[in-house]
Amino acid sequence: MTLLLKQLFGFFKLLHSETGNNQLAWGVALGFILGMTPALSLQTLLVFFCLFFFRIQIGAAFLAAFFFKFIAYLLDPVFDVVGQKVLDLPALQGLFTDLYNMPIIPFTRFNNSIVMGSGVVAIILVPFIFAGAKWAIVKYRISVVEKFRETKIFKIWTKTSLYQWYYKYDSYFGN
Amino acid sequence: MNAQEKKPVKKKGPIRFEAVIPVTVIMLATMGYFSWFFDQHLKSAIEYVATQANGAEVNVASVKTSFLKGSFDLNGFEVTDKEQPSRNLVSLDNVHFQYMWDALLRMKFVVDDASINQIQVYSPRKTPGRVLPPEPASPSKLDEYQKEVLDQVKNEYAQNMLGDLASLLEGADPKDQLEKLRGELKSEARIKEMIADVNSKQSAWKSEVTRLSDTTKLKSIEKQVQSIKAEKNILKQAQGAKDLADLLKQVQKQAQEVQTAGKKLEGEVQSIAAYPKEVQNLVKDDIANLKGHFKIPQIDVKDMAMALFSKEFGQYIAKARKYQALAKQYLPEKKEREEVLPQKRATGKTYEFPITKSYPLFWLKRAAISSKGTKDSYSGNVSGELTNVTTSPKWVKKPIVLDVRGDFPAVGVHGMKAVMTADFTRSTPRQMLDMKVNAFDIPEKMFSKSEQLKFGFTKATGSTALTATMESGEVKMSWNGTISKPVWFVEAKSKLAQELLTGITDGIPVVYINGTVEGKWKQLKMNINSNLGEEIANGMKAQVGKKIAEAEGKIQSMIDEKIKGPQTQLMSSLGGNGDILSKVKNLDKLYKDNEDKIKAEIENLKKGGTSNLKEEGKKLLKKFKL
């Protein structure tokens, strides 16, 4: 829980900093994949591995996963249809049979229509989600954060000893 | 320092190196758990689950798993005997499973080779095993299945047949039953009515005869006749003749009265005379009714064998039912791909692609069973194998076969051979059993434990062969068993039953039993033949035949005893009626005689009288004495 909260605080901190656009955008994109995938499967573990191994904002990923989970719930019928269409493609039957009989691959549960459907939709949409998230973060920083920094309240706040103390603490122990 | 001043931020690479240490720690901790604790926890889990399933303590000495080798070893597996917690029902020294890595990577569990070593039966435990308290909950489905079979056996073939027959031989039954029926004799009741009727009529007639026998009038007539006769005067004699005519009328009237009474009495006596015949008919009816009430058992050779061995056969059938249900539960027939029904929308539809290189979810290719025992140990000399236990029998295309053979010398089991086949590869699953035990010790077995008869044997050696086929909810089973060297135990209240059964059992060194059962589980047709059943049934038949004749004699004698007295009384009463009738006839004759004499006297007077009239009158009076 502490780790999760730290990641969430890190997400807001990074969102309001001037760096880490890609980290946040990838976090949102991978969170989108997590949210779309219906259950624990090999690809979920792969996404988790990426989150922990690469410098991707985990808080952003969890928040995005939480958000997209609700959307995915509504989209389940669509994923089911897409998944069935893909799994029923005659041209791919040989490939699927091979995959089904290969080691490890069955752990992906690719033969389930919703897993397949959500996976296909997620893979197709991930670049767009990444690009959209990045554009939204930059836009947010310019239109919201910068304007907020210019306000008198924020300037007064930065002059307080509490802020000074936090800033100093963060320079030593942050990140 | 101004907080607003930007601290130069060190550029970090795309890889999160700071996460390596925590991940490494987690991985090491996981490996440590699986290396040092997992086996212990798995051992505890197996012990707990097996104890709950068995209802008594199950111990496992150790469990050793290896992820890298894909192996599983279970050592010192001991199952406590619920009935006798100081011993094990079965114990295994070692069970070894070797999983195939290739299959594990496919999320499948394939055991290429397994072994089950050193099987012991009824070995003593170091400490008595804990027995779980019986659960008050409703019986399990398996119990219900077994009960269904046993109820059929129980309902159709009652076990108290020997006891009933023994009590009949004891001779108590006819007497008891007849005692109960004593009050129901129609003849006895009717005879009592008849006696009462005859007695009342007798007393009525006696008083009537007494009344009619009153001679006062006759004496006065005789006096008048004498006085008229003694009259010398002719005129008075003429008047006397006229008086005599009046007297004659009186005598005639009285004679008429006696005659009418006589006719009436005669009619009544005739109706009473029919009583003995009526009594005879009623006695016949009573005998027939009593025979109907008296339940004489029909002894059938087949029923006798059933009564003796149906319980044992029923146990075999119930066990077969249990294992068939278990097999059905744990080895369900894999549905064809076309039969997969679409699942709910939220869970999607899971496709099954043809298995070409992979394995079924679980497949135990072969498990070798081996055990070497000595005469004094509880280990059996067992060898065998269990092959092709799988969740996809249609894909494996081989039936599950358990083939075990061997001996358990410590418990007296020799020449055991069992081949169990569960074939789920066909469209209709079929399970077969072929079991044979050449010799095994049979403990005490009592066929009857009733008060009248305790019959069975205290020790014997048995052999058995059992074959069964179960397909489409139908079972076909045959059982051939022998019981040799039996030490018989016969204790009957009836001397006859004691002699009979002792004689029969002395002549049977080997008991043969042949049983068959077939049909749906809910409607089994069972048949058992046994030479013991035949001998007992035939012996009993002869003795029961005698008893039946004896019982009939008893019925006759009981009727005689009850009826004879009243019947004699009735007959003597009827005899008394004859006396009355003869008295009435005498009276009738007497009055007629008097009438004749008075007529003669009148004629005589009309002719001038007679001198010897007095002497005639005296003679007449003498005859009046009744």
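Predicted model: local features only at pLDDT ≥ 70, side-chain atom pairs only at ≥ 80, totals over all residues.

Trainee: Great. How many helices and strands does chain A have?

Mentor: Chain A has 8 helices and 0 strands. Read from the N terminus, its elements go α-α-α-α-α-α-α-α.

Trainee: And what share of chain A is buried?

Mentor: Of its 175 residues, 37% count as buried. Looking at contacts in chain A between residues at least 6 apart in sequence, 75% join residues at least 24 apart.

Trainee: Let's pick a helix. What can you tell me about α2 of chain A?

Mentor: Helix α2(A) covers residues 21-36, and its 16 residues reach 23 Å from first C-alpha to last, close to the 22 Å expected at 1.5 Å a residue.

Trainee: How many of the residues of α2(A) are buried?

Mentor: In α2(A), 12 of the 16 are buried, so the helix is largely enclosed by the rest of the structure. Among the buried ones are Leu24(A), Val28(A), Phe32(A) and Met36(A).

Trainee: OK, over to chain B. What's in there?

Mentor: Chain B has 14 helices and 14 strands. Buried residues make up 40% of its 626 residues. For contacts in chain B with a separation of 6 or more, residues 24 or more positions apart account for 68%.

Trainee: Which residues of α6(B) are buried?

Mentor: The buried set includes Ile191(B), Met194(B), Ile195(B), Val198(B), Gln202(B), Trp205(B), Val209(B) and Leu212(B). Here's a handy rule for reading that list: an α-helix has 3.6 residues a turn, so residues three or four places apart point the same way.

Trainee: Nice. How about a couple of strand residues? Where does Asn388(B) sit, and is Asn388(B) buried or exposed?

Mentor: Asn388(B) is in strand β6 of chain B, residues 381-390. With a relative accessible area of 10%, Asn388(B) is buried. Leaving out residues up to four places away in sequence, Asn388(B) touches residues including Trp363(B), Leu364(B), Val396(B) and Ile400(B).

Trainee: And Phe489(B)? Where is that one?

Mentor: Phe489(B) is in strand β12 of chain B, residues 474-492. Phe489(B) is partly exposed, at 29% relative accessible area. Its C-alpha atom is separated by 5.0 Å from that of Phe457(B), 32 residues apart along the chain. Beyond its neighbours within four places in sequence, Phe489(B) is in contact with several residues, including Met446(B), Lys454(B) and Phe457(B).

Trainee: Switching topic: how many residues of chain A and chain B are in contact?

Mentor: There are 37 residues of chain A in contact with 33 residues of chain B. The two chains bury about 3100 Å² between them, with 49% of that on carbon and sulfur atoms. Arg55(A), Tyr100(A) and Asn101(A) supply 24% of the area chain A buries against chain B, more than any other three residues.

Trainee: How many salt bridges and polar contacts are there across that interface?

Mentor: The count between chain A and chain B is 0 salt bridges, but there are 14 residue pairs in polar contact. On the side of chain A that touches chain B, α4(A) gives the most, with 6 residues. By class, that side has 20 nonpolar, 12 polar and 5 charged residues.

Trainee: So where are there salt bridges?

Mentor: One joins the side chains of Arg125(B) and Glu57(B), at 3.9 Å from N to O. This pair links distant parts of the chain, 68 residues apart, with both partners in loops. Arg125(B) is buried at 12% relative accessible area, and Glu57(B) is buried at 19%.

Terms used: Residues numbered from 1 in each chain as written. Chains lettered and ligands numbered in written order. Heavy atoms only, no water. Contact = heavy atoms within 4.5 Å. Buried area = accessible area lost by both parts, 1.4 Å probe. Salt bridge = Lys/Arg side-chain N within 4 Å of Asp/Glu carboxyl O. Polar contact = N/O pair within 3.5 Å; in protein donor to acceptor, adjacent residues only side chain to side chain. Helix = DSSP H or I, 4+ residues; strand = E, 2+ residues; numbered from the N terminus. Nonpolar A, V, L, I, M, F, W, Y, C, P; charged D, E, K, R; others polar. Buried < 20%, exposed > 50% of the residue type's maximum accessible area, 1.4 Å probe, protein only. Expected span 1.5 Å × (residues − 1).
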